[in-house]
Amino acid sequence: MESTFSIAEISKRTGLSYDTIRYYEKIGLLPPVKRKENGQKEYDKLHLDRFVFITHLKRTNMPLKEIERYMTLASARNYESCYSVLNEHKLKIESQMAEMHTTLEMMNYKLDHFKDLMKRSGLGGE
């Protein structure tokens, strides 16, 4: 039997608020969600995986409009365009990572410099 999840379980597993989950459904980022006899929504593994993927894309600063475009292309099985969207975003992530690495190197240089200054002035404790 396939695992199903309540909105509370989806929220707990993804860190998304109920409102965000409902909004993502409303704008069409998910396949249709079934309802139980009592009217509660019943999410499956595909929904959970989709929420996790969307969360990762958002965490890497992909705009929601671009995520919507990707999901529309994926639903239409336009694999070439899906590849292009994700590859373009991957290149942006790599660029951001390179910038962060450069910034980290500068921070380490400054920290070493201040550590040296503190040592020389007797404040370093080393």
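A residue counts as buried here when its relative accessible area is under 20%, as exposed over 50%, and as partly exposed in between, using a 1.4 Å probe and protein chains only. With that in hand, let's walk through this predicted model, in which local features need pLDDT of at least 70, side-chain atom pairs count only at pLDDT 80 or more, and totals for chains, interfaces and linings use all residues. Residues are numbered from 1 along each chain as its sequence is written, and side-chain values use heavy atoms, with hydrogens and water left out.

Which residues surround Phe 5, leaving aside its neighbours within four places in sequence? Its contacts are Ile 10, Arg 13, Lys 41, Glu 42, Tyr 43, Asp 44, Lys 45 and Leu 48, where contact means heavy atoms within 4.5 Å. Take Lys 41: it is 36 residues from Phe 5 in sequence, but their C-alpha atoms are 8.5 Å apart in space.

Strands of a sheet pair through backbone hydrogen bonds, either parallel or antiparallel. In this model, an open sheet of 3 strands has the order 1-3-2, with antiparallel pairing; two strands are taken to pair if DSSP finds at least two bridges between them. Strand 1 and strand 2 (34-35) stand at the edges with a single partner strand each, so one side of each has no neighbour in the sheet. Strand 1 is joined to strand 3 by 2 bridges, and Phe 5 stands opposite Tyr 43 in strand 3. Strand 2 is also joined to strand 3 (residues 41-44) by 2 bridges, with Lys 41 as the bridge partner of Arg 35. The hairpin of strand 2 and strand 3 has 5 residues between the strands, and Gly 39 takes a positive phi near 95° there.

Now for the helices. Helix 3 lies across strand 1 and strand 3, running at about 75° to strand 3. The axes of helix 1 (residues 7-14) and helix 3 (residues 45-59) come within 10 Å and cross at roughly 35°. Such axes are lines fitted to C-alpha atoms, for helices over the stretch in contact, and angles run from 0 to 180 degrees between N-to-C directions. On the helix 1 side, Ile 10, Arg 13 and Thr 14 meet Leu 48, Phe 51, Val 52 and Thr 55 of helix 3. Thr 55 is buried, with a relative accessible area of 12%; beyond its neighbours within four places in sequence, it is in contact with Thr 14 and Leu 16.

Not counting residues up to four places away in sequence, Ile 10 touches Phe 5, Gly 15, Ile 21, Tyr 43, Leu 48 and Phe 51. The largest nonpolar core has 22 residues, and Ile 10, Ile 21, Tyr 24, Leu 29, Tyr 43, Phe 51 and Ile 67 have the most contacts inside it. Helix 4 gives the most to this core, with 5 residues. A nonpolar core is a set of buried Ala, Val, Leu, Ile, Met, Phe, Trp, Tyr and Cys residues joined through side-chain atoms within 4.5 Å.

Technical notes. Helix = DSSP H or I, 4+ residues; strand = E, 2+ residues; numbered from the N terminus.
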